[in-house]
Amino acid sequence: MKILIATNHSYMFYRFRKELVEALMQEHEVILSTPFVGHEDDLQAMGLRCIETDIDRRSINPFKDMKLLKTYRQMLDELQPDMVVTYSIKPNIYMGTACKAKGIPYVANVQGLGTAFEKLVLSSVVSVMYRSALRKAKTVFFENEENAQFFLNKKIISHRQVSVLPGAGINLDEYPCVPMGDDGVCSFLFVGRIMKEKGVDEFFSAARTLKAEFGEEVAFDVVGFYEDAYKEQVDQLVADGIVRFHGFQTDVHPFYEAADCVVLPSYHEGMSNVLLEGAATGRALITSDIPGCREAVENGVSGYLCPAQDAEGLTRAMRDFAQQSFDRQVQMGQSGRALVERKFDKQLVVAKTLDGLGLPAAVRN
């Protein structure tokens, strides 16, 4: 069988879906359509045929989107795939539309609602487009129950189409549990884009407050790249000795291992890979009590949940963790590792995805 996968980001696809590709390639011909923004060489080294496809992920220009739809139609005519699998909003909508018109079986992955559903007018437009594009989709995968229920309530899809995965899952071999070091400093780590929707305003506020309270007994590390609006603020926080900024890192393992607690006060997620990676490493988590985050935490056991967009609530949770004994902090991290082993093992996610595709489960344990 020839399977075409369409996504909007080669770097993220390789990081979180390569195990699925490996499973599919055992029995099928697999082709990937994606913008080349990193790891395309690694994907090709797997033996995967990659078609560079231009997608402006943030544009709402209808002319650009119609060009993408035309590109997808031509791609389907040329490749004649037996099945198409899509990831992210534009491939879901425009490749889905093209597949529906040509009668090609297709499956979509909704990895989160994102900002498209936060604005009333845009939400209405996207809902209509999704409803049309997914009408004949064989399966629509979601990363949490609430996102699936949102689509059902909006009558975008039917119950028979829904399959909920525990996110992309976590490769437990790639993220082994690493013992924490007791250096007398409680280290908090933020990993992600430095943007408002990730809760960085709340994180920075908590860091300032707790640094004033605890001094050198706490540390705040930030890994990721920032939007221009935050450059001045980040520079000032570094100059004031509040945070240590490490920029974008291709290898985040050393930062998880050096941390005591991973903090993600996000406003919305599909399923946070950062939280899964942190918990797999054996670190406690503090995150927003929202879909896509709360599933990764047992509140009070492996970390803390706090209201989204609540700087005081986040500060209280981080203060509470900092005041725990080192042994208790270690115990919380170990509980997080146990949770991801039970619920988020990558092999389980791959097997469930293959079931949703209706294909043989080439990789099962």
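User: Leaving aside its neighbours within four places in sequence, which residues is Ile286 in contact with?

Analyst: In this predicted model, the neighbours of Ile286 within four places in sequence are set aside, and contact is taken as heavy atoms within 4.5 Å. On that basis Ile286 is in contact with Phe188, Cys261, Val262, Val263, Leu264, Tyr304, Cys306, Leu314, Ala317, Met318 and Phe321.

User: Which residues of the largest nonpolar core touch the most other members?

Analyst: In soluble globular proteins, nonpolar side chains tend to be buried together. The largest nonpolar core here has 56 residues, and helix H7 (residues 200–214) gives the most to this core, with seven residues. Apart from it lies another core, of 35 residues, with Ile55, Met75, Met95 and Phe142 among them. Within the largest core, the residues that touch the most other members are Phe188, Phe203, Phe204, Phe220, Ile286, Met318 and Phe321.

User: Are the rings of Phe188 and Phe321 stacked, tilted or edge-to-face?

Analyst: A pair of aromatic rings is described by the distance of the centres and the angle of the planes. For Phe188 and Phe321 the centres are 6.0 Å apart and the planes stand at 65°, and because planes over 60 degrees apart fall in the last of these classes, the pair is edge-to-face.

User: Where in the chain do Phe188 and Phe321 lie, and how many residues apart are they?

Analyst: Phe188 counts as buried at 0% relative accessibility, and Phe321 is likewise buried, with a relative accessible area of 0%. Ring pairs also link both of them with Phe190, Phe203, Phe204 and Phe220 into a cluster. Phe188 lies in strand E8 (residues 186–191) and Phe321 in helix H11 (residues 311–322), so that the pair links distant parts of the chain, 133 residues apart.

User: Which elements do the buried residues of H12 pack against?

Analyst: Helix H12 (residues 326–343) has 18 residues and reaches 26 Å from its first C-alpha to its last, close to the 26 Å expected at 1.5 Å a residue. Its buried residues are Gln329, Met332, Gly333, Ser335, Gly336, Arg337, Leu339 and Val340. They pack against E8, helix H10 (273–280), strand E12 (284–288), strand E13 (303–306) and H11.

User: How many residues apart in sequence are the parts that the pair of Phe13 and Tyr87 ties together?

Analyst: A search of the whole structure finds 13 aromatic pairs, and one of them joins Phe13 and Tyr87 edge-to-face, at 5.7 Å centre to centre with 70° between the planes. Phe13 lies in helix H1 (residues 10–25) and Tyr87 in strand E4 (residues 83–87), so the parts tied together are 74 residues apart.

Note on methods:
Residues are numbered from 1 along each chain as its sequence is written. This is a predicted model: local features need pLDDT of at least 70, side-chain atom pairs count only at pLDDT 80 or more; totals for chains, interfaces and linings use all residues. Side-chain values use heavy atoms; hydrogens and water are left out. Rings of Phe, Tyr and Trp (its six-membered ring) pair if their centres lie within 6.5 Å; planes under 30 degrees apart count as stacked, over 60 as edge-to-face and the rest as tilted. Helices (H or I, at least four residues) and strands (E, at least two) are DSSP runs, numbered from the N terminus. Buried means under 20% relative accessible area, exposed over 50%, partly exposed in between (1.4 Å probe, protein chains only). The expected span of a helix is 1.5 Å times one less than its number of residues. A nonpolar core is a set of buried Ala, Val, Leu, Ile, Met, Phe, Trp, Tyr and Cys residues joined through side-chain atoms within 4.5 Å.
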